[in-house]
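Hello,

Here is the structure I am handing over to you. Please have a look, then read my notes below.

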Amino acid sequence: MCWLLAGCCGLALISISVASDPAVQITQKPRFYGVKTGRNVSIGCLSTQDLLAAKVQWYKADTYEALKRDKIVEEIKFKFFNGNLRRKFIFISDVGIEDRGVYFCKLNDTWGPGTELQVVRPIALAQALHRTNMKDGLIILQGLVLAGCIAAVVLRRQQLLEKNDSIYEEPDTDHIYEGLAIETCGGDLYEELSVYAQADGAEGAEAPWE
């Protein structure tokens with residue numbers, strides 16, 4: 001009997017030392033979960049060696065790189081199961097949006113690589129089509145408003161250019177002499193001057209303008 005107890009204690013010590021050995025590798029399956037709300041998921045923590053006295057703990061973090069990891073307490077939503085000496089499981093029932101994150105198992109003092117859980121809400125087809133049509137309508141409306149703004153800017157610029165051109169227009173030549181009085185010479189403005197040209201050489205002849 002004593003030899004049997006000693007053997008059991010020796011095996012327990014060997015299993016603990018092996019679990020603490022860096023050669024023991026811990027993996028998790030699956031590495032990623034993508035499910036809808038209300039589903040049930042299970043995550044496995046697997047060891048490369050048999051661990052007789054293995055103690056598993058589960059933690060949750062926001063990301064893989066997050067330093068803060070919250071320890072998960074077994075309750076109605078989270079259940080822990082021991083498959084065998086190498087397999088440990090966590091069962092999450094009725095997952096919700098708040099359950100998104102990365103789940104790590106810790107087997108004795110060795111951390112698992114983590115499993116990411118993504119949870120999405122199911123969307124009805126009619127609701128999705130309505131949202132798509134709303135987005136398309138907003139895009140078209142934005143395009144019309146932008147086109148109207150561009151057209152208004154171009155029209156305003158054209159009006160300013162036409163106004164500047166009108167400032168430098170040449171005056172109408174038909175009204176240059178408007179308001180000026182033209183004096184006449186009493187009779188015919190263009191008199192016959194040939195008679196004065198013939199008498200140009202005669203002495204004592206006087207031109208009418210002398």
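**What was found**

The chain holds three helices and 10 strands. Helices (H or I, at least four residues) and strands (E, at least two) are DSSP runs, numbered from the N terminus. In sequence order the pattern is α-β-β-β-β-β-β-β-β-β-β-α-α.

This is a predicted model: local features need pLDDT of at least 70, side-chain atom pairs count only at pLDDT 80 or more, and totals for chains, interfaces and linings use all residues. Residues are numbered from 1 along each chain as its sequence is written, and side-chain values use heavy atoms, with hydrogens and water left out.

**Confidence**

pLDDT is the predictor's confidence in each residue, from 0 to 100. Its average over the chain is 77, and 67% of the residues score at least 70. Among the elements, strand S10 (residues 115-120) has the highest mean, 95. Helix H1 (residues 2-20) has the lowest, 47. Over residues 10-20 the pLDDT stays under 50. For that stretch the model has 12 contacts beyond four places in sequence; a contact means heavy atoms within 4.5 Å.

**The sheet**

Four strands form an open sheet in the order S1-S3-S7-S6, with antiparallel pairing. Two strands pair if DSSP finds at least two bridges between them. S1 (26-29) and S6 are the edge strands, each pairing on one side only. S1 and S3 (residues 41-47) are joined in the antiparallel sense by four bridges. Thr-27 has Leu-46 in S3 as its bridge partner.

**The salt bridge**

Which side chains meet in a salt bridge? Those of Lys-77 and Asp-99 do, at 3.0 Å, N to O. Lys-77 lies in the loop between S5 (70-71) and S6 (78-82), and Asp-99 in the loop between S7 (87-92) and S8 (101-107), so the pair ties together parts that are 22 residues apart in sequence. The count comes to one salt bridge, defined as a side-chain nitrogen of Lys or Arg within 4 Å of a carboxyl oxygen of Asp or Glu.

Is Asp-99 buried or exposed? Asp-99 is buried, at 4% relative accessibility. Buried means under 20% relative accessible area, exposed over 50%, partly exposed in between (1.4 Å probe, protein chains only). Not counting residues up to four places away in sequence, Asp-99 touches Lys-60, Lys-77, Phe-78, Asp-94 and Leu-117.

**The whole chain**

Of the 210 residues, 21% are buried. Of the contacts with a separation of 6 or more, 61% join residues 24 or more positions apart.

Best wishes
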